[in-house]
Amino acid sequence: GPVQLPLASSALRDRRSYRVNLELQRDGTGRVEGTIELQGMEAAAWRDVLRNLDRDRVNDGFERAELAVLFPGATVELADLQIEHEKDLEAPLRLVFSGGIRGALVDQGGELLMRAATVPLNVGLGYTTLPTRKTGYAIPYAPALDAVVKIAIAGAKFTSVPSTERIQNGLATYTRAVAVGPGGASLEVRTTASLKTGVFEPGVYPQLAGVTREVKAAEDQVIRAR
C-alpha cells in the first residue's frame, strides 16, 4: 500500500555551493581562494572518497574531481586544502582551498577578457547532447547549485560585465546577479542553478535543450576590463 516517508532534514538537501575570490594580475596570473560546501549526496560522495583514498593523495583527488571542472581555460596550482566537518554528518562538508592561478585572462590589444562563467553551472548540459529524442529519458539526480565569485584585477577596471539573468521553464532554473565595485575596481557574480529530476517523455526534450542553450549563451558571455 501507500508509504509516507518523513521529510528530510534541510541539512541533508543535495546542494553544492561555491565561494571563490580571484585576485589577478594583468598577465592572467594571480591567487585564488575558495570554499566548496557540500550537502546531502554531494557530501556523502566526497566523504566516501575520503574514507577510501590514501591521505597523501587527497590533494590529487581534489584537483581531478573539482579543480579540473572549474575556471575554464585557466590552470590552478593548489597550495593548500583544508577539509572541515568530515566526521560531522549533520553539517555540510567544506573543502577550503587556495593556490596560484594562471591563464585566467586573455589580453587583446590592451583589453582583458575572461569568461563570465568562472564557475560553470549549466546543469542540463550533460543531458542534451542529442539534437532530438525518440525515446524517453531520465534525470535521476541534480543537486541545487549556487556560486559567488569575486574578481579583482590589479591596475584594471571592469568595462563590460555579464547581463543579469533569470532563465526558467519548469524543468530548469538559472539566475545571475552582477555587482560592480566602486570605480569598476572589483566584480561580484552570484549564480544559482537547479534541474528537475524524473523520467520524461521525448516531447519534453526540446524544452530541456532550449533552456540549456539559453544558459550556455549566458555563460559564454565575456567579462572585459582595461
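This is a predicted model: local features need pLDDT of at least 70, side-chain atom pairs count only at pLDDT 80 or more; totals for chains, interfaces and linings use all residues.
**Entry 1, largest pocket.** I began with the largest pocket, which holds about 490 Å³ of space. I found 22 residues in its lining, and Pro120, Leu121, Asn122, Val123 and Leu145 lie nearest the centre. Strand 1 (15-24) and helix 3 (205-219) each supply at least two residues of this lining. I sorted the lining by class and got 15 nonpolar, 1 polar and 6 charged residues.

The lining has 15 residues, with Pro72, Gly103, Ala104, Met114 and Arg115 nearest the centre. Strand 6 (residues 111-115) gives the most to this lining, with 3 residues. By class I have 11 nonpolar, 3 polar and 1 charged.

How many cavities of 30 Å³ or more does the whole structure have? My search turned up 2.

The largest cavity holds about 90 Å³ of space. Its lining includes Ala116, Ala117, Thr118 and Val119, along with Tyr174, Arg176 and Glu219. Strand 8 (144-153), strand 11 (172-180) and strand 12 (186-195) each give two or more residues to that lining. I noted 7 nonpolar, 2 polar and 2 charged residues there.

The second largest cavity has a volume of about 70 Å³. I listed 14 lining residues, and Asn122, Val123, Gly124, Ala172 and Val215 lie nearest the centre. Helix 3 gives the most to this lining, with 4 residues.

Conventions. Residues are numbered from 1 along each chain as its sequence is written. Side-chain values use heavy atoms; hydrogens and water are left out. On a 1 Å grid over the protein atoms alone, a cavity is a set of points where a 1.4 Å probe fits but cannot get out, and a pocket is an open set with protein on both sides within 12 Å along at least five of seven lines; lining residues have an atom within 4 Å of a point. Grid points are joined across faces, edges and corners, and a volume is the space filled by probe spheres set on the points. Ala, Val, Leu, Ile, Met, Phe, Trp, Tyr, Cys and Pro count as nonpolar, Asp, Glu, Lys and Arg as charged, and the others, Gly among them, as polar.
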